[in-house]
Amino acid sequence: MNTLPSLRLLGVLGGMSWESSAHLYALLNREVAARLGGLHSARLLMHSVDFATIERCQRTDDWAAAARLLTEAAAGLKAGGAEALLLATNTMHRVAEQIEAESGLSLLHIVDATAAALRARGFSRVGLLATGYTMAAGSFYHQRMQRHGIELLTPSADDRAEVHRIIYEELCRGQVLPASRQRYQAIVAALAAEGAQAAILGCTEIGLLLDASAQASSPIPLFDSTVLQAQAAVEWMLSPSPDSHRPGGTTTT
């Protein structure tokens with residue numbers, strides 16, 4: 001008698017923005033289908049928040065309120081049977097450790113998944129495109145990448161502001177504009193000129209703009225954090241037990 005592969009149940013905190021969460025949902029299911037074939041798909045529980053509430057917390061520097069909201073949502077996912085957690089946003093990993101500690105769920109960290117892919121290619125000095133909160137000097141992203149031996153370069157102040165604006169005013173609203181793609185490509189080229197060996201697409205929406213065709217023409221390799229997060233999550237879903245290796249790592253050190 002043939003038995004079907006057992007997939008572990010993953011909780012997903014999404015909606016930040018729903019555009020990127022929809023993209024991540026597709027990536028997770030396609031990766032499972034590619035690995036298992038047939039009609040297999042990912043076992044997921046998703047809590048999709050109202051991004052306007054989270055964005056207001058970001059803008060007013062009320063990260064504690066955002067953390068409380070997401071922790072409550074994560075606890076609900078645990079009560080629903082989720083065995084681990086995926087946070088479908090780069091920026092809100094700023095409060096990932098609190099969410100993990102208070103929800104009781106191990107969190108598969110997007111920075112760790114991205115760092116593992118960079119280290120596998122031997123890259124140690126890379127550019128970062130992300131929200132202004134994530135690109136800020138000394139941010140959680142910089143600190144966590146440093147733990148992996150990776151130095152981050154960020155764009156100029158004007159370019160950082162434009163990267164941030166395009167994310168919130170365009171990509172989060174489903175607008176993928178050729179002019180913005182060209183601007184991002186120019187920013188990547190500037191980072192390469194400064195010595196970046198590769199560049200991280202460190203916001204979950206950026207891969208919608210710098211898609212496969214744009215990445216093929218990039219002067220340096222582009223590492224899409226959303227794709228890498230999805231791959232790490234599927235590795236976890238296919239792992240046989242809670243004690244097995246979790247690609248992507250957890251927030252604990």
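User: What lies 3.2 Å from a polar atom of the Ser 103 side chain?
Analyst: The backbone nitrogen of Leu 105. That is a polar contact (a pair of N or O atoms within 3.5 Å; within protein, one must be able to donate a hydrogen and the other to accept it, and residues adjacent in sequence count only if both atoms are side-chain atoms). The Ser 103 side chain also reaches the backbone oxygen of Ile 99, at 2.7 Å.

User: What kind of model is this, and what are the ground rules?
Analyst: It is a predicted model: local features need pLDDT of at least 70, side-chain atom pairs count only at pLDDT 80 or more, and totals for chains, interfaces and linings use all residues. Residues are numbered from 1 along each chain as its sequence is written, and side-chain values use heavy atoms, with hydrogens and water left out.

User: Is Ser 103 buried or exposed?
Analyst: Ser 103 has 6% relative accessibility, so it counts as buried (under 20% relative accessible area; exposed is over 50%, partly exposed in between; 1.4 Å probe, protein chains only). Ser 103 sits in helix 4, residues 96-103. Helices here are DSSP runs (H or I, at least four residues), numbered from the N terminus.

User: Which residues is Ser 103 in contact with, leaving aside neighbours within four places in sequence?
Analyst: Thr 71, Ala 74, Ala 75 and Lys 78. Contact means heavy atoms within 4.5 Å.

User: Switching to helix 2. Which of its residues are buried?
Analyst: Phe 51, Ile 54, Glu 55, Cys 57 and Gln 58. Seen down the axis of helix 2, they fall within an arc of 155°, so they line one face. The arc is that of the directions from the helix axis to the C-beta atoms.

User: What covers them?
Analyst: The cover includes helix 3, helix 6 (132-135) and helix 8 (157-169).

User: And what caps the N-terminal end of helix 2?
Analyst: Asp 50, with a side-chain oxygen 3.1 Å from the backbone nitrogen of Ala 52.

User: Where is Thr 60?
Analyst: In the loop between helix 2 (51-59) and helix 3 (63-79). Thr 60 is partly exposed, because its relative accessibility is 48%. Its side chain reaches the backbone oxygen of Arg 56 at 2.7 Å.

User: Where does pLDDT stay under 50?
Analyst: Over residues 243-253. pLDDT is the predictor's confidence in each residue, from 0 to 100. Where it is low, the predicted coordinates should not be read in detail. The protein averages 93, and 93% of the residues score at least 70.

Notes
Helix = DSSP H or I, 4+ residues; strand = E, 2+ residues; numbered from the N terminus.
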